[in-house]
Amino acid sequence: MKEKLEQLRAELLSELGAAADAQSLENLRIKYLGKKGSITDLLKGMKSLSNEEKKTFGQLVNELKQQASENISKRSQELKELEIQKEIELMPQFDLTIPSKEKRGSYHPITLVSRECERIFTTMGFHVEDYPEVVTDYECFEAVNVPKDHPARDMQDTYYLENGELLKSQTSAAQNAILKKYRKQLIEDGMPIRAIFPGRCFRNEATDATHENTFFQMEGVMVDKNISISNLIYFMKTMLSEVFQREIKVRLRPGFFPFVEPGFELDISCLICGGETGCPSCNHSGWLELCPCGMIHPEVLKEGGIDPEEYTGFAFGLGLTRLAMMKYGIKDIRDLNSGSLKALSQFTDDK
Amino acid sequence: MFLSMNWIKDFVDLSGLDELSLINQFSLSTAEVENDIQFKGKDLSGIVVAEIKSVENHPESKKLHLLKADIGEEELVDVVCGAPNVRVGMKTAFAKVGAQIGEITIAPRPLAGFMSYGMCCSESEIGISDDHSGIMEITDDVALGTDLKEIYAIDDIVFEVDNKSLTNRPDLWSHYGIAREFAAIAKRPLKPLDFDDLSKYDALPKVDMKIEDELCQRYSCLQFENIKRNIAPVDMRIRLYYCGMRAINFLADMTNYLMLEMGQPMHAFDSRKVENIRIKRFDKEFKFKTLDGVERHIDTDTLMICNGDTPVAIAGIMGGLDSEIVEDTHTLTLESATFNATSIRKSTVRLSHRTDASMRYEKSLDPELTVPAIARFVYLLKKFDDQVTVVSSLTDDYAYHYPEITLSFDKAYVDRYTGIEIDDDTIISTLSRLGFKASHHDGEFEVKVPSWRSTKDVTIKADIIEEITRIYGYDNFEIHTASAPLFPTRPEPSKKDEDNIKDILVKKYALHELHSYVWNYVDEFKAIGIENIGEIKLKEASNPNIETIRKTMIPTQLAQLKTNIGFEDEFGIFEVGRVVSGLDENDLCVEHKMLGITLYQKTPFVRELYFKLKNIIEVLFDELKHETVSFREVQPEREYEHPINLNEILCGDVVIGKIGIVHPVVQKKIDKRASIVFAELDVEKFSSIENKSIQYNSPSKFPNIEIDLSFITSRFAPIKKAIENTACALIKNVEVVDIYEAENQSSIAVRITFSDPTRTLKREEVTEVTDAIVNDLAKDGILLKG
């Protein structure tokens, strides 16, 4: 019996080594450990043995049974690992230089720049307004203190329509409506008027690389008790530093615009040379003329139903088109309205 | 406008101050200075006065002469010179050996076989005029060898002020006005001008002159004769040249000089041609030749200076050729006048002729200036030509006086506006230096505005704030934030929806946002077969492509599509833009904010593209409003609309937009073999739809039952209707899982999902519903497949 046991052990070990897949391993298990398996048979054959012999031999067979079972599951584990290994080895190396085919849409660059500005102003408590493109003479000029005989009101500068209305030549055309919209909250609830208005403007101009008859501005107004020139400079500096994502210097020069008094031209330190040395992009002056601004003219406040003796405010007009050109290095203003996808599909997003 | 620092320094002592930083300060306090400041005479040295002692012809050259010149040294110098005007005894400007002219250093050099030790210079070579017809002729009595810079003000700093930044400041169109600003900036006194005393001539006869038109605000004139001088003094000519004017003759240069000095345009007539000066407009249009020889068309709105009924000058713009000073002119009439600014501006536009004079008049000149300008003119005239005699008394008609302006305000007003502390003394002294009469008592400031700032520029107290702060310097402002209570900010709904729509179209559907113009591009539209476009027109449009305002976004997008053919085989464009649909009952434009989407695909499979667009529309409504849309077939009304599959887009019963296929005629003009579909949505209507927001349903714990039914039909609508007819609350979802299209038999397979949140459904109750659907459809002849 004992010899048979040892023979079985030797056979099992050699067959285990030869089992190369899960199926042959399972067959092996059945051959030795199944109901009719060789080791099971050994146990069955013990009936004829004495009790003493049964005890010793039984122990040996059980040992063998356990060894067989362990060896089989060990071999099974080995085979699984081998299989994974094989699967890993079968994976081809990908060529990452192949360009992706996934299509991407694009925003108009004005949308990107406008959104960025809107985001900044919104965080500073400004409402974002929306306004039509066709406006009345009152909205565009009279309500913002542009005198009747001002050159801007001439036919050759503004697109008038046959019905007497016009295509707004400046986003200030929305100022009166903004003041009227929020005056009640200003006066009754003490809520300062803070609003920006991005919009398309039109001027009767021959177009070339730097002139367009259709362009975008962003108007901003803030009105409250005690709004001062000092506040205006602070806000402009803070906002513009945020827009350009760097600390910039601003300077104000007197500028004449009928809707503000005092009125300013605001320059920012050159984005290329930082204003220290001067470079070709700032025409060697160290400064870039960026936006007109000023304290809202008392007549404009009055026309909006706000008492200029009690309230003051500032307004500014950012050239969004100019900003987009500066930001993306667009040399020809006409690219923006060209409708050319070769040019404009590049602006996928810019958050 | 060019400005000479030498000239400014005639009126304000700037010694000890850095002129460049003053100019920079001027740019920050007053008006924009252009970048290229010129340093006149910088590259010029060693030019002396020389006298030509002998002139010999060059033996071989007809043009060259061999000269001997006395430059105040022991020996005469030999010079070879090609100027035509050399002659013995003339004094000229001479560049000695070692002299510097620009980048050239003068050295002895052989010229056509003879050594030349220096160079005789023209005025143009020295840079003091554009005259290069010959060498400079020096008539002043100066010692030979004197450096030219010692006798003439050649060294100067000249800067240019941007005219656009002076539109509201009539007083700054002159050196004296600019000097007043420098005086305020430098805190130095402004010197008064020297004048001739005109009252001396009060006994002389008056000029026959009369203003007959309200457009002339003031007309002052004076007559004189016996002007002997022909050429203006060198220094005067240099200043004129540095300031961008050409020297003409003494008298013309004098009027220009006065204009640049005091800002008052002046004109000298031959007195024989202006015996009865009348200022008026004419009832009829006529032709008039101005002194530049151009015949101009004068209309009935243009103010004219006349001799009786004969026009002699266009008021404020240019004199006439016939009344010009000529060789035998004996007596001159000097005009110094003020005209209505708007009238002058409009006349220059109509004549398309802008002059130095009209540029000043259109800024609203101070009428107080006319007489002092004459007094200054006479003073200078006599200084440079002592033979001149005044032969009339000052004749002055002052028809329109601007009101005097006095403004009062308190310190709190200044503090509130500035947000910083500027003390009383600074306020008073700043305003005084600028010519305001400012006083301060009991906390109140009272400020009288000077006449030269009263014509339109300073009218309210906020204007005074500007005067104080700009001289104080914005760079010197301490800056601080404003404090205000907190309130939430809410974007306009249509703005918010616009942003979200753009995000979905770009991010989810890879469409491209383009911008376009609001007018109809007639030429481009015609090229794709679209002619019928918008009736809202620009007034007096001159370009047919910039004439009518678009009614719809689609033609613009189709034109854009055409220019982008070849970009990719499949792409889509969109724009949120404005259109005008017509006029309302008040004759005002009805404007709409529209979303236009156009999809293009270089295949004939238009159905696929159409459904892609339909899907986009449905997703926009679902994502942003949690709403479903329906479609309703409509008749085409525009050339680009294909009559089949043109549908209105409805949300509830509100029409929000339209979806369709491009008409084959238009489509073929864009691209012969392609599919093009379009949709247009009214963004404001879209925004007015209330957002239903998400309705959450807890998922049923019990299993769903899904039933697939396939019907022999090509239309889903009856199936949808039959399902709705059951009004069965257990139906949770209906999905089209397959569409099979064939010529003989099409079929549509739907999957209906049943569920109940409270129990497990029985097979029989579901079958009951599906049987009802099948029977309902069978009545219409739509049978189950297989």
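Two strands pair if DSSP finds at least two bridges between them. Helices (H or I, at least four residues) and strands (E, at least two) are DSSP runs, numbered from the N terminus. The model is predicted: local features need pLDDT of at least 70 and side-chain atom pairs count only at pLDDT 80 or more, while totals for chains, interfaces and linings use all residues. Residues are numbered from 1 along each chain as its sequence is written, and chains are lettered from A and ligands numbered from 1 in the order in which they are written.

**Figure 1. The hairpin of β25(B) and β26(B).** Strand β25 (residues 437–441) of chain B pairs with strand β26 (residues 444–448) of chain B in the antiparallel sense, over five bridges. B:S439 stands opposite B:E446 in β26(B). Two residues lie between the strands of this hairpin, and B:D442 takes a positive phi near 50 degrees.

**Figure 2. An open sheet of five strands in chain B.** The strand order is β12-β15-β18-β19-β20, with mixed pairing. β12 (209–211) and β20 (318–319) are the edge strands, each pairing on one side only. Within the sheet, β15 (residues 277–280) and β18 (residues 304–307) of chain B are antiparallel and share four bridges. B:I277 has B:N307 in β18(B) as its bridge partner.

**Figure 3. The crossing of helices α2 and α5 of chain B.** The axes of α2 (residues 19–29) and α5 (residues 175–186) come within 10 Å and cross at roughly 100 degrees. Axes are lines fitted to C-alpha atoms, for helices over the stretch in contact, and angles run from 0 to 180 degrees between N-to-C directions. α2(B) and α5(B) are therefore roughly perpendicular to each other (65 to 115 degrees). The residues of this contact divide into five nonpolar, two polar and one charged. Ala, Val, Leu, Ile, Met, Phe, Trp, Tyr, Cys and Pro count as nonpolar, Asp, Glu, Lys and Arg as charged, and the others, Gly among them, as polar. From α2(B), B:L22, B:Q25, B:F26 and B:S29 meet B:E181, B:F182, B:I185 and B:A186 of α5(B); residues are in contact if their C-beta atoms, placed from the backbone, lie within 7 Å.

**Figure 4. The contact between chain B and chain A.** Here 71 residues of chain B are in contact with 66 residues of chain A. On the chain B side, 30 residues are nonpolar, 21 polar and 20 charged. The model scores ipTM 0.87 and pTM 0.86.

Terms used: Contact = placed C-beta atoms within 7 Å. Parallel < 35°, antiparallel > 145°, perpendicular 65-115°, else oblique.
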